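Please read the following note with the structure open beside it. The points are numbered so that each may be checked in turn.

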Protein chains: 2
Amino acid sequence: MRASRFFISTLKEAPSDAEIVSHKLMMRAGMIKRLGSGIYTYMPMGLKVIRKVEAIIREEMNKSGAIELLMPLVQPAELWQETGRWDKMGPELMRVKDRHGREFAIQPTSEEVITDVVRSEIKSYKQLPLNFYHIQTKFRDERRPRFGLMRGREFTMKDAYSFDRDLEGMQKSYQIMFDAYVKIFTRFGLKFRAVAADNGAIGGTGSHEFHVIASTGEDALVYCPTSDYAANIEAAEALATGTRAAPAAALEKTSTPKAQKCEDVAKLLKIDLSRTVKTIALTVEQEGKKQYFMLLLRGDHELNEIKVGKVPGLAQHRFSTEEEIQEVYGCVPGYLGPIGTKAPVTVVADRTVALMSDFVTGANEADYHYTGANWGRDVAEPAIVADLRNVVEGDASPDGKGVLAIERGIEVGHVFQLGTAYSQSMNATFLDEQGKSAPLQMGCYGIGVTRILGAAIEQNFDDKGIIWPTALAPFELVLCPMGYDRSDMVKEETDKLYAAAEAAGIDVIVDDRGLRPGAMFADWELIGVPHRVVIGERGLKEGNLEYQGRRDAEATAVPVADIINFIKAKVQQ
Amino acid sequence: MRASRFFISTLKEAPSDAEIVSHKLMMRAGMIKRLGSGIYTYMPMGLKVIRKVEAIIREEMNKSGAIELLMPLVQPAELWQETGRWDKMGPELMRVKDRHGREFAIQPTSEEVITDVVRSEIKSYKQLPLNFYHIQTKFRDERRPRFGLMRGREFTMKDAYSFDRDLEGMQKSYQIMFDAYVKIFTRFGLKFRAVAADNGAIGGTGSHEFHVIASTGEDALVYCPTSDYAANIEAAEALATGTRAAPAAALEKTSTPKAQKCEDVAKLLKIDLSRTVKTIALTVEQEGKKQYFMLLLRGDHELNEIKVGKVPGLAQHRFSTEEEIQEVYGCVPGYLGPIGTKAPVTVVADRTVALMSDFVTGANEADYHYTGANWGRDVAEPAIVADLRNVVEGDASPDGKGVLAIERGIEVGHVFQLGTAYSQSMNATFLDEQGKSAPLQMGCYGIGVTRILGAAIEQNFDDKGIIWPTALAPFELVLCPMGYDRSDMVKEETDKLYAAAEAAGIDVIVDDRGLRPGAMFADWELIGVPHRVVIGERGLKEGNLEYQGRRDAEATAVPVADIINFIKAKVQQ
């Protein structure tokens, strides 16, 4: 490609609404252009990256045996009503009426449509297994779109759906997809991690998320450096190790004025935060009846809402109101504690709290805490002990093979064992060898195509701009001639090198725009092309060209005769 | 590809809602699957064809210098309001509100968005010319979707938009696109014709449609076999040749009971239909005032509504009601004529009618016609003479180089000189050398990607099924082994041939499904793969394979050693 025939439009400053680095750099590099909130035009430079992402996904999906089709964007409401998602999904499902008043969804995913296709096409176990995928535009009417392509409303997604006759087959299809995803993200050239994920409201029997590692990521990924264990913090089990020590201190009621938070109490009493216990009051309302739960967490631990929802009886909880707390505990919030708590309150202690002794907790009286509190002696053993908290670095790995570390990631893929959730509600069945009908076992597998761009940049940038991995770069190589329009020698060598690079299958762009070196280099460093060759008279007279990798501090002189092989080796690295 | 790893689903019968052959065959061949009215899932076999269409378009667009980007599906109403299309477009524009109540259009085309992109990106004449295109899903809420992909609601279109500094530049960009379209349709392997088109309501300075020739086409294409002249019948000028003969007959009022139509009058009077003149009464209402026009057409000619709309004063016409006719002409419809007609009626004669003499026309009295009517002698010369009719075969070509022929076509492409219609309303300007601001000159260029499939089939089918041109076929070659699972010799030769075909770059599928020959052949003839090789024990023992082209009546024996070169030659034809 010649730059003069392409469209390059870089900006010195990012628009003020760009909050994160990938959004800023994509705007500055002219890769995307905002059309509306969470809606972007993919400009030529950005589209080239998207096409590379799609091509890698397509190749690996095809190799894995998945079959590509294309499902419509505008999908009849009737199908979404069959699975109940028409009602279950909130306003993030974009709904539209046609001229006859019939309702449609603009697809955010295609479980309903693919299940409809399959239920009419699949009759027999002989046609199984099957895995269909498409790469299609999606729409999700986010309440607060932001971060450019990271949380847009219109985006591109690869979604695949597998169909099997039984659980074993489904798990096999799931594993094939898992392996394909590993290949895909490896080919992208990104540092990534697959982690066990929470199954969410949809149920199902298992799921993994694929995250691009980036310090700016929204998700906390828990892993064990000495084993295979990895999970999203939402799903990572917190073990409580050791045993409860015998009481050593006496129970004392201590004045803690204005110390409603554990942090304040610890400071006031000059003790470690890990000696305190914090209390969270929950209410469960069912059929007009209210139940009250007191959750106990170590002062330095964080509540994990997903885990709370899994405690029997707490699926539909909410935080208690101040009025409820006053009424039930006779105390203002901030000074609650298990001592003296009785029916109708159920105490739910985190595993760690259940093993504590001589702890500090609220006295159910404003401005007072107890110190030296002990289970059994001062307060009844908790009614329920459960895993309620996020793991922290240094926790024991649930597989018993080490201690946990935490890093941040950006979710770009999700594989999911759906089971029969959709096939049962939509009556998608097959006949087995005995002619018996059974629901299809399904899996679904998504990759956020356009989100990959944002995630790749969050992982790979510097103060000059983007640093694309070669596999995703809009161009693998840029040729920067010094005086293309002034020096015959430079022009001739540049044209020769351009032809040779194209012939060698390198995705090359030559900057024939006639910019000065500073502006030219700044553009390509911002855009993030990983390999650059400068063609200048001085070097040519010595038989050399100047190569510089995007991460290199300095250029390297490479003999003209060697340059193509040199670049080929770099590109293939 | 191995058939066992692909998804093949053929039907004996087409569903009853499939009216035309391409729709029936695409359904039977398992290429598309109906999701809703005018909304289809592209099944794997159909998607393969779509991808081939897209690849050819993309290659030729890129070669022509156009630059690919991707504009969103969901577009803010504000942009559509700027050009007035939000109101002008009827219910075929699908409109949707987001969760905040903001309005959006699901794009049917992208003039507004590209003009918005360009007005913020283009500052100077130095950045021109530019041509941006995308291949994107479109939605048009047709009142009556039908004919499968031919008149669907959701479809794929390639739309390109050129931007130039002046008319000359725009016409050059237009010619480049016209030439690219000729290359694209030639590469498709379809018989097509580019015809001059009516510019429609949008104005502009010129446009051409590209039609795939098919006897089932909705459009009549007028062309001159001895010159370059070609136009859609909507736009083809009808010349009146010769001069008006002197009156030879006397004017006579003749009883023509119950003969309201020219056909009936001619039959009754035993004269040729071309001796009669038919009358069409129009009303134009403006600011509460009504004007009346009497259109005259030769009895055997057809009214061309688009031409009528271009007659000065008739842009906003409608057919007169029966009440209006009674009031103005004092006569029931069917017996109107120019003789005796006076103000407020304006007579508008077609060019051919203006040259007639001794003609037959209504007497403005029920059950009576005049014969032997003559201009000047019996009735005043018409107030307006204009081209009002469709041309017919044998008419003189407007370029004076022969006589016209007519064939039917399916519109699959449209190139359009827009001029400044959009750039002015959206204030998309550039600065010239003198720093003067001027609106950009635009062109727009569309190809109906998914419609190509329907059109190609309407042109190429037989009673067995589809006959794809090689360039569009889902697979170029199918290998049909006779007993792949029974004969080692057949399996071995099939696998060898499959590998060799893939290595030679042939898009090959091997049917390893284990079907019987009849069912296997019927499938591939229905699907329309253009080249087939049968591998059987009997032939192999003689060193032969059986080749049969989809249009061939019989198979040809080809020596095993020659087959790859033989197929390569066939595929490249």
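1. The model is predicted. Chain A is divided into three parts: domain 1 (3-7 + 15-237 + 406-457), domain 2 (252-386) and domain 3 (475-572).

2. How far apart do the C-alpha centres of domain 1 of chain A and domain 3 of chain A lie? The distance is 38 Å. The contact of these two domains takes 10 residues from domain 1 of chain A and 11 residues from domain 3 of chain A.

3. Between them, domain 1 of chain A and domain 3 of chain A bury about 860 Å², with 64% of it on carbon and sulfur atoms. On the side of domain 1 of chain A, the residues that lose the most area are Ala3(A), Met45(A) and Lys48(A), which together account for 47% of what that side buries.

4. Two salt bridges are counted between domain 1 of chain A and domain 3 of chain A. In a salt bridge of Lys52(A) with Asp507(A), the closest N and O atoms are 2.6 Å apart.

5. Helix H1 (21-28) and helix H2 (44-63) of chain A each supply at least two residues of the side of domain 1 of chain A that touches domain 3 of chain A. The largest share, three residues, comes from H2(A). By type, the residues of this side are six nonpolar, one polar and three charged.

6. The length of H2(A) can be checked: at 1.5 Å a residue, its 20 residues should span 28 Å, and the end C-alpha atoms are 28 Å apart, which agrees. Just after H2(A), Gly65(A) has a positive phi of about 95°.

7. How many residues does the contact take from chain A and from chain B? Chain A gives 57 residues and chain B gives 57 residues. The area buried between the two chains is about 4700 Å², of which carbon and sulfur atoms give 62%. Leu35(A), Leu70(A) and Arg99(A) supply 15% of the area that chain A buries against chain B, more than any other three residues.

8. Across the interface of chain A and chain B there are six salt bridges. Arg153(B) and Asp98(A) meet through their side chains in a salt bridge (2.9 Å, N to O). The interface of chain A and chain B also has 20 residue pairs in polar contact.

Notes:
Residues numbered from 1 in each chain as written. Chains lettered and ligands numbered in written order. Predicted model: local features only at pLDDT ≥ 70, side-chain atom pairs only at ≥ 80, totals over all residues. Heavy atoms only, no water. Domains from an automatic or database assignment. Contact = heavy atoms within 4.5 Å. Buried area = accessible area lost by both parts, 1.4 Å probe. Salt bridge = Lys/Arg side-chain N within 4 Å of Asp/Glu carboxyl O. Helix = DSSP H or I, 4+ residues; strand = E, 2+ residues; numbered from the N terminus. Nonpolar A, V, L, I, M, F, W, Y, C, P; charged D, E, K, R; others polar. Expected span 1.5 Å × (residues − 1). Polar contact = N/O pair within 3.5 Å; in protein donor to acceptor, adjacent residues only side chain to side chain.
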